[in-house]
Protein chains: 2
Amino acid sequence: MTPMQLALLEARAAALRGEVPVGAVLTDASGAVIAAAGNRVEALADPTAHAEMLVLRAARERLGGKFLPGCTLTVTLEPCPLCAAALALFRIERVVFGAYDPKSGGIEHGPRIFQHPTCHHRPEVIGGVEERASMALLREFFAERRDPANSAER
Amino acid sequence: MTPMQLALLEARAAALRGEVPVGAVLTDASGAVIAAAGNRVEALADPTAHAEMLVLRAARERLGGKFLPGCTLTVTLEPCPLCAAALALFRIERVVFGAYDPKSGGIEHGPRIFQHPTCHHRPEVIGGVEERASMALLREFFAERRDPANSAER
């Protein structure tokens, strides 16, 4: 199973819990999975409990260091500004994401976190990986809630 | 004591622990202090353990809700992009900060988090409150470490 396939499983599990379906996986330089999580904003009543933040925190605890050099963060949706800024602070080497998020994304949209001289670490970015599968999950989730306009807000 | 004076005390306490001296305080609509913290990046070995993030998390736990409406976040240094994005997600009403941070700030510098249509909540921003006292703490801290060029990196 690829990291993105695992991230999609986490996103599906999040949807079953009533969370916006976004999943994330952190792998180290050898490709080993260090942490995986789905969005838990509702469960934790915490608007920052995005899948990426949970995975970064879990990986840091597991690996013990202050940073996560050489690691890749794979996530089903373009990270928001909060998560993009956290990826830079943790010195993540590479970000792979599924669907682009014109409404709330922070890498290719909005504040474009990595594209400023004040960003002290810029991960490599690969977007659009298994984009359709990720979008399908989000569309299905919001269609059931009859609010497709909010399709990318967690 | 004003919230900024309390935030400055937290910043001084952080410096004594060997942390970059930044302190933050969260007050509710009545002005009551809900949480106060200094930077704990080194103590927690977590590059996201900025004073603002610690205060937001503590306040959310104390108040119980998912958001912090009507609350004011007072911090001695202009928040970075991570913290600015978190302030928007928590729907903070007002941000009061001390020193401006041209190197790592995310409100008046860099990605200017609140100035994009994709930012779904924009707190009122008041910068430069007790700016000199905050800058003096940061300068003293970095002068002791002989690396004034990094004066605003936590």
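Modeller: The contact takes 30 residues from chain B and 30 residues from chain A, where contact means heavy atoms within 4.5 Å. This is a predicted model, in which local features need pLDDT of at least 70, side-chain atom pairs count only at pLDDT 80 or more, and totals for chains, interfaces and linings use all residues. Side-chain values use heavy atoms, with hydrogens and water left out, residues are numbered from 1 along each chain as its sequence is written, and chains are lettered from A and ligands numbered from 1 in the order in which they are written.

Biologist: About how much area do chain B and chain A bury between them, and what percentage of it is on carbon and sulfur atoms?

Modeller: Buried area is the accessible area (1.4 Å probe) that two parts lose on being put together, summed over both. For chain B and chain A that comes to about 2500 Å², and the part on carbon and sulfur atoms is 65%.

Biologist: Which helix of chain B gives the largest share of the side that touches chain A?

Modeller: Helices (H or I, at least four residues) and strands (E, at least two) are DSSP runs, numbered from the N terminus. Helix 2 (41-44), helix 3 and helix 4 (81-89) of chain B each supply at least two residues of the side that touches chain A. The largest share, five residues, comes from helix 4 of chain B.

Biologist: What relation superposes chain B on chain A?

Modeller: Two copies of a chain are related by a rotation about an axis and a shift along it. Here the rotation is 180 degrees and the shift along its axis 0.0 Å, with an RMSD of 0.0 Å, the superposition being by least squares on the C-alpha atoms of residues with pLDDT of at least 70 in both. That is the relation of a two-fold axis.

Biologist: How many salt bridges are found across the interface of chain B and chain A?

Modeller: A salt bridge is a side-chain nitrogen of Lys or Arg within 4 Å of a carboxyl oxygen of Asp or Glu. Over all chains, the search of the whole structure finds six. Across the interface of chain B and chain A, the number is two.

Biologist: Why does the salt bridge between B:K66 and A:E42 join two chains?

Modeller: The closest N and O atoms of B:K66 and A:E42 are 2.7 Å apart. B:K66 lies in the loop between helix 3 (51-63) and strand 3 (72-77) of chain B, and A:E42 lies in helix 2 (residues 41-44) of chain A, so the partners belong to two chains.

Biologist: How many residues apart in sequence are the parts that A:E124 and A:R94 tie together?

Modeller: The side chains of A:E124 and A:R94 meet in a salt bridge, 2.9 Å from N to O. A:E124 lies in strand 5 (residues 124-126) of chain A and A:R94 in strand 4 (residues 94-99) of chain A, so the parts tied together are 30 residues apart.

Biologist: Is A:R94 buried or exposed, or partly exposed?

Modeller: Buried means under 20% relative accessible area, exposed over 50%, and partly exposed in between (1.4 Å probe, protein chains only). A:R94 has a relative accessible area of 25%, so A:R94 is partly exposed.
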